[in-house]
Amino acid sequence: MASLTWDKAKAGKTARIQFVIEDNRQAVRLGRVPVKVAQTWLFRIEQLVACRVGGVAHDADLAGWLRDLPDDAHERLERVGLVAGRQAVAVVT
């Protein structure tokens, strides 16, 4: 299970999602985002944690969400070990 927290001490209201995998607490900082966006990230991170802990593959919906993430957002998940890095695709003409 993951938790969503809001840090009001910094400039503006910033969101952070914390979760634990293998007794190791990790956090993904979202920055200043709307509540709905933060809740979506919370749901998706909970799915990623469940997949990792359970050793199961991502479902099509979660895989599509990951595919459509911008590179910087994907790197946030990569840094905390929830996803593997993206691989560059060579285009042959």
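The following legends describe close-up views of a predicted model.

**View 1. Overall arrangement of the chain.** The predicted chain is built from 3 helices and 3 strands, and their order along the sequence is β-β-β-α-α-α. The C-alpha trace spans about 50 × 30 × 20 Å along its principal axes. Among contacts with a separation of 6 or more, 35% join residues 24 or more positions apart.

View 2. The chain contains 1 aromatic pair. The ring centres of W41 and W65 lie 5.2 Å apart, and their planes meet at 80°, so the pair is classed as edge-to-face; the cut-off for this class is over 60 degrees. Because W41 belongs to helix α1 (residues 35-54) and W65 to helix α2 (residues 60-68), the pair ties together parts that are 24 residues apart in sequence. Both W41 and W65 are buried.

**View 3. Lysine over a tryptophan ring.** K13 is placed over the face of W6. The distance from K13 to the ring centre of W6 is 5.1 Å.

**View 4. Surface and charge.** Of the 93 residues, 31% count as buried. The chain carries 14 positive and 11 negative side chains, and the centres of these two sets are 9 Å apart.

Notes
Residues are numbered from 1 along each chain as its sequence is written. This is a predicted model: local features need pLDDT of at least 70, side-chain atom pairs count only at pLDDT 80 or more; totals for chains, interfaces and linings use all residues. Side-chain values use heavy atoms; hydrogens and water are left out. Helices (H or I, at least four residues) and strands (E, at least two) are DSSP runs, numbered from the N terminus. Buried means under 20% relative accessible area, exposed over 50%, partly exposed in between (1.4 Å probe, protein chains only). Contact means heavy atoms within 4.5 Å. Lys and Arg count as positive and Asp and Glu as negative; His and the chain ends are not counted. The place of a charge is taken as NZ of Lys, CZ of Arg, CG of Asp or CD of Glu. Rings of Phe, Tyr and Trp (its six-membered ring) pair if their centres lie within 6.5 Å; planes under 30 degrees apart count as stacked, over 60 as edge-to-face and the rest as tilted. A charge sits over a ring if NZ of Lys or CZ of Arg is within 6 Å of the ring centre and within 35 degrees of the ring normal.
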